[in-house]
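Here are my notes for your first look at this one. Keep the viewer open and follow the points in order.

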2 protein chains.
Amino acid sequence: MSVPKFRSTRLVVSRIFCSLLLLQAAASAAQTPTAQTLTAQTDTAQATAAEPAALVYPFLDTANSRWFYFSSAARPFGMVSLFPDTALNGEWGSGYRYDETTVKGFNHIHEWQLAGLSLMPVSDHRPLSAQQADYTSAFSHDNEQVRPGYHQLQLSRYGINVELTATDRVGFSRYQYQPGQPQQLLLQLGGVQGPSRLGHAEVWQIDPHNLAGFITNQGTERRVKPVKVYFHLAFSTPVQQLDAWRADQQFANVNGISGDDAGLRVSFNSSDHSVLVKAGFSYVSADNAKLNLQSELAGWDFAKTSAEAYAQWNQTLARVHIKGGSLSQQRRFYTDLWHALQGRRVVSDVNGQYMDLSGQSAKVRQLPLNAQGQPRFAMHNSDSFWGAQWTIATLWPLVYPQAATALGESLIQYGRDFGLIPRGPSGGQDTLVMPGVPTTPFLVSLAQKGLLHTPASELLPMLQKNHSEAGLMAKAGYEHYSASGGGLGYYLKRGYVPYPLPETESNYGSHRRGGGQTLEYAYQDFALAQLAAKTGDQTVASKFLERSQNWRNLFDAKTGFIRPKEINGNWRTPFDPLEYEAGFIESNAAQATWFVPHDIEGLAAVMGGKTRLLNRLEQAFQQAAKQDFTAGTAHAQEGHPEYRRTPINYGNQPSIQTAFIFAAAGAPEKTQYWSRRISDTVYSHLTPQRGYNGDEDQGLMGSLAVLLKLGLFQLSGGLEADPIYQLGSPLFDEACLQVAAERRFCIKTFNNGPDRPYIRQIKLNGKVLKRTYLLHSEIIAGGVLELQMSATATPQQASQ
Amino acid sequence: MSVPKFRSTRLVVSRIFCSLLLLQAAASAAQTPTAQTLTAQTDTAQATAAEPAALVYPFLDTANSRWFYFSSAARPFGMVSLFPDTALNGEWGSGYRYDETTVKGFNHIHEWQLAGLSLMPVSDHRPLSAQQADYTSAFSHDNEQVRPGYHQLQLSRYGINVELTATDRVGFSRYQYQPGQPQQLLLQLGGVQGPSRLGHAEVWQIDPHNLAGFITNQGTERRVKPVKVYFHLAFSTPVQQLDAWRADQQFANVNGISGDDAGLRVSFNSSDHSVLVKAGFSYVSADNAKLNLQSELAGWDFAKTSAEAYAQWNQTLARVHIKGGSLSQQRRFYTDLWHALQGRRVVSDVNGQYMDLSGQSAKVRQLPLNAQGQPRFAMHNSDSFWGAQWTIATLWPLVYPQAATALGESLIQYGRDFGLIPRGPSGGQDTLVMPGVPTTPFLVSLAQKGLLHTPASELLPMLQKNHSEAGLMAKAGYEHYSASGGGLGYYLKRGYVPYPLPETESNYGSHRRGGGQTLEYAYQDFALAQLAAKTGDQTVASKFLERSQNWRNLFDAKTGFIRPKEINGNWRTPFDPLEYEAGFIESNAAQATWFVPHDIEGLAAVMGGKTRLLNRLEQAFQQAAKQDFTAGTAHAQEGHPEYRRTPINYGNQPSIQTAFIFAAAGAPEKTQYWSRRISDTVYSHLTPQRGYNGDEDQGLMGSLAVLLKLGLFQLSGGLEADPIYQLGSPLFDEACLQVAAERRFCIKTFNNGPDRPYIRQIKLNGKVLKRTYLLHSEIIAGGVLELQMSATATPQQASQ
């Protein structure tokens, strides 16, 4: 198995064992409370957290779902994420949307820029043409059960009960039809499925129990090349008949179908009215899809598979073990942790084959194998790493180091394949999502934490290339056909990227915002310098350290803000520090000014000293508090002309480090106060309507919420030789991280409470600590951090 | 070079040499008379034909063009057929349509189910979005020159003079822009191009002089899998800028583009205002497209390439050398011969690589090479062989044996690749065009004529498979996803294919016309029996000879017609022998009744003797003569409810053998009379409005016209061990066929004339011949056939 598995301690195993027994006895025993039942429960303080997976609230924020946001029948990082789609159109408005009233199919793959095969059981006597045109079914949340690894609902139009579970690469569905009614299943091979319009598809029958085929995700602005997704379907009962359609033609009694806008109806006649479907997937071939299916799910025991999926989630989530807090806080915490593991799914097969579409023609590639003949890691699909330095780059290495290694090595492997480490690989190609090279700090942090197989000396030139005119720093977002929108030439020559870039040269690419680009490049250059230093290459280190000071060229002493500069060297005028995207990426100058995570000393200096910096930051937080530190409660609201005029926004990545700048500037108590406020305000909800107040972005914001609640943060993104964690204000009485197979690091708080965010005393392994940060080595060694909490700030503690 | 070349005799060479000199002196010297100039010429009797290529009238029937019908800048069987498209939508209404007034691009590939890259030079200062939306240009036939291998016209909207020529796999364009005006070229990567909607495309810049990329022909009902066509473009002058669009977005200054509905504008700044573009093509890869370009067209001499193309056509056409007849007759004859060589173009590369898309994933395959390292033959794209037994199966082996071999071996090679010899291979897959297995008589005839490399013993089991339930005889037209529409099970069990086939089993596939299917299968079974006999396998021969008598099961003695039978064994009632497609394929019972080419004796017997047969056939011809032996003057008219109630139709394949049934039934003088009438009536026009009175179908009807005018025909399709040619009524005083490098077979007529269709005496090599047929061996040996013509029929001659 190439998908990372997380070994549990003996303690966790025994608990899981009980769960399995329970699950096998009654599949619905471990039912998660639904949105409806939650409010009826008493939100009492909890001692030890119950089974973590049982605490996950899958409906969180699902009224605002995007295609890949939700999850139910899926494994951690599994290729398959099978769930009902209540909306189909577009990347941001599709997937499982809580308030939509009909199911429009059950797609097996919900990933960044990718969809898979959508199945839809139906049951009536209408002709195929009518079913093809109108097949969606109403459903009710009242008859719905969701837990990690499992989903059940009823299609009220057809009287079909649907249950879903999955292994890594296989979706497993059970349909219970009404007695005496037709047993039908539609395969949707065309149309729009979330981010993709589906193009040419093929399906062919192998025998009465097996079909195989592929759909094609047509190219998008981001993932420009079409991607085939192969599948192999195995049915528990023989196919009675296949009927097909293509556009407005219907074909009776066929053995397959192909083309654009096609579909297939499979008819069964199961004596117990139940049909089980196993759907194996691969991006390489139908043969590999079959291999994946046979390797992962040979049998037909649905309850067992569902129980195993749940147990795997439970083991995975139990790597962070909490005590204390309220039931709501515990539930939200494990929901955040669960979300931290959503997305960035595996795209390689059990045999280590994967598809490379970066060149002229498709190449099937092979991952390196270990001594047991297993792939050493898996290849991942991934949205951007923009903001990863404050989210998954901290959380995953701490709690899921194997996943962090797999993702990092996957990026490097793509780099070898493509010639450049990608920004966001999807379908075997780079989507070029977002600006700059945010993979650099991610990979450097992994290198510093000893989590890469690839030696730093091999990685360094790959990163250097990406920071050159031949690399991604020269490209704007999605700039597939030129290399001018990154403005790197100007950055190298003049020390900043102008805003606007001259459209006489090119109008192509997104996020052509010179102010934001300059800040991000400077930080990424700093990260590269750290890796150069690690390899002993002082020349490269000096060069990029020097480039990392380019942020200074945009600091306008007169206004006190980072301010966009035009190509002629003039400040952009007029200047409104709260104007959205006026030179900054999904941000404004007020937020962006804080984006110097590698040089807070320098920022304080240009601002006139730490005191002035702290006062300004305090004012910004007080201002932002008035609208709950966000630009609205959902991604759809972020464009609101008033909401987005906020100086701090915890609903999107650009300013989520700001609460920890207090500590870096000598005021850790303010970090403790504001980070707790944010945790309580932004990441405390437990309803379908509100959750991340913006865009969760494939585990980024889930990770952030977990880190805030653990009270651990890496302002620099963990770039130091022994990476530093700033302490925030832990929420729970105890949070133990499984930092290695037999080692835990526990954060215990005493006298903690809703109004007691301040740390009065810190002890590490029994000894008082006179600083408010920890080193990576200290945490990974295992041990206990004991924090005495307080309702009032303690005068100046030692700071970083 | 894998494309067949035809060596000329010394005589022809010397004439060609003169042409080359003329052409090099002035590119327009060999200008073909246009439709306009024709009527002004005197249609006098001609002695020796002038340069054959100069006699070709390319505009013939172009008011009714379909996508692949026209040709100008192309070589015989060349992959590239570059010409202006005046209509773009659909297979049957697109290509060069004479009466359309605007040029909508210059596509390089016009083939059965395939389009290539369309280029469109433009020249104005409008923004790209405006050019993208509206770029077509008016043109006038007054400023247009077309000859085989060359096309010139002026785009009046832009003042651009366009000239086109080609090698086998390279299109060569010269654009002359107005001084001081923009020099722009649009690449159309999306939209509809004839038979194909284009899907995902990619273009990338290699250097200032070179671009490469591919377009994708999305799947159609016929060619169900998408087909990529790769190209490599070389420009005579450096690219100044590339701008692109995709859907409604425009991108300035890019180095490529990809996606659906995309396009590219290339801007130049050539000092002499002229831009030359060489476009190499391949179905395998962009690298192969480049290799094809470099191998075939290294230089930039447009006039030389154009002259070579013309010379190659001239050599090819000169393999039939005629004397006598009128200028119009000579022009029409060489136009027919030229059309006999259109379509069925090469799809393999100079290195012998070709694409096989028949399986789950694309496979690049390699043709066998000869001792010189050249491919032994080329792979061909091809529309159906339905009717080929009376057209190309006779003409090509006689005059173009290398082409016949290449096409035959290409079919067999596909058979090895696909598992079945295809009906109509396009884009490396079988389109399953039309019913039955019309490739069987084609291949058996080639085998009998000694024109296949593949031994008969290897071919036989391949054909047997195609005549079994596992083969194409089990499938209706385009029946890709089942094998029931062929009705073969019924044919084997009950001796006929019912009409209608039960739709409870399946409604899928075209041409599900049991009457026609039964007749065609019986004939094809007869062909297979001949091959079995050739290999000495009498068991197989007997089995298929027996099957070949199945036509008898549908002869209704009461009505005297072949009549459809229902599944229950009842005759289809009511029965109207002139009703179109009522159980017969693009035909009616009156026409179809004659479709027993392998058993005229048997047909005469069931009709009550030869005299009754001859009387009925005579009546049918007299009836058909009233509407000129066709169902209208164009394909678009064939559906006319009255026209199609004809008992004989020479505008489509099903009854084009009928004139030669007279001879087979003992009345050769009637064959002479009616075949001459048809030749004079159906295939005598020389206008854009009328030419083949139906569908020329990739050389089929052109071949038929040539054969009628030569007075040679093969009623059985040439299946005999030494294949038999029935004599018709030759049109010219002399027609010499180049049957081998140093051997000619000349058909000379004496006292011939418009009203002298009858043959009074036959001499072969000086000896009187007492029969009205020749053997293949007699013709191939070379020699002279001398025919004394007469205005009156001579009493009974020897018949076959």
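1. Start where the two chains meet. The contact draws 28 residues from chain A and 29 residues from chain B, where two residues are in contact if their C-beta atoms, placed from the backbone, lie within 7 Å. On the side of chain A that touches chain B, the top contributor is strand 21 (residues 256-259) of chain A, with 4 residues. That side splits into 10 nonpolar, 15 polar and 3 charged residues. For these classes, Ala, Val, Leu, Ile, Met, Phe, Trp, Tyr, Cys and Pro are nonpolar, Asp, Glu, Lys and Arg are charged, and the others, Gly among them, are polar.

2. Before going on, some ground rules. This is a predicted model, in which local features need pLDDT of at least 70 and side-chain atom pairs count only at pLDDT 80 or more, while totals for chains, interfaces and linings use all residues. Residues are numbered from 1 along each chain as its sequence is written, and chains are lettered from A and ligands numbered from 1 in the order in which they are written. Helices (H or I, at least four residues) and strands (E, at least two) are DSSP runs, numbered from the N terminus.

3. How are the two chains related?

4. Now look at strand 16 (residues 201-207) of chain B. It pairs with strand 21 (residues 256-259) of chain B in the antiparallel sense over 4 bridges, pairing being called when DSSP finds at least two bridges between two strands. Here Glu202(B) has Ser258(B) as its bridge partner. Strand 16 of chain B also pairs with strand 17 (residues 210-217) of chain B, again antiparallel, over 5 bridges. In that pairing Gln205(B) is bridged to Leu211(B). Strands 16 and 17 of chain B form a hairpin, with 2 residues between them.

5. Next, the domains of chain A. Domain 1 covers 10-320 and domain 2 covers 340-345 + 380-790, with bounds that come from an automatic or database domain assignment. Their C-alpha centres lie 35 Å apart. Across the boundary, 34 residues of domain 1 of chain A are in contact with 34 residues of domain 2 of chain A. The domain 1 side of this contact has 19 nonpolar, 8 polar and 7 charged residues.

6. There is a helix pair to check in chain A. The axes of helix 11 (residues 456-466) and helix 13 (residues 514-535) of chain A come within 10 Å and cross at roughly 145°. Axes here are lines fitted to C-alpha atoms, for helices over the stretch in contact, and angles run from 0 to 180 degrees between N-to-C directions. Among the residues making the contact are Leu459(A) and Leu463(A) of helix 11 and Leu528(A) and Leu531(A) of helix 13. By class, the contact has 7 nonpolar, 3 polar and 1 charged residues.

7. The peptide bond from Tyr499(A) to Pro500(A) is cis, with omega near -5°, and Pro500(A) sits in the loop between helix 12 (488-494) and helix 13 of chain A. Phe77(A) is not a glycine, yet has a positive phi of about 65°; look for Phe77(A) in the loop between strand 1 (73-74) and strand 2 (81-84) of chain A.

8. Finally, a sheet in chain B. Its 6 strands form an open sheet in the order 24-31-32-36-33-34, with mixed pairing. Strand 24 (320-323) and strand 34 (767-768) of chain B stand at the edges with a single partner strand each, so one side of each has no neighbour in the sheet. Strand 33 (residues 758-764) and strand 36 (residues 783-790) of chain B run antiparallel, joined by 6 bridges, and Tyr758(B) has Ser790(B) as its bridge partner.
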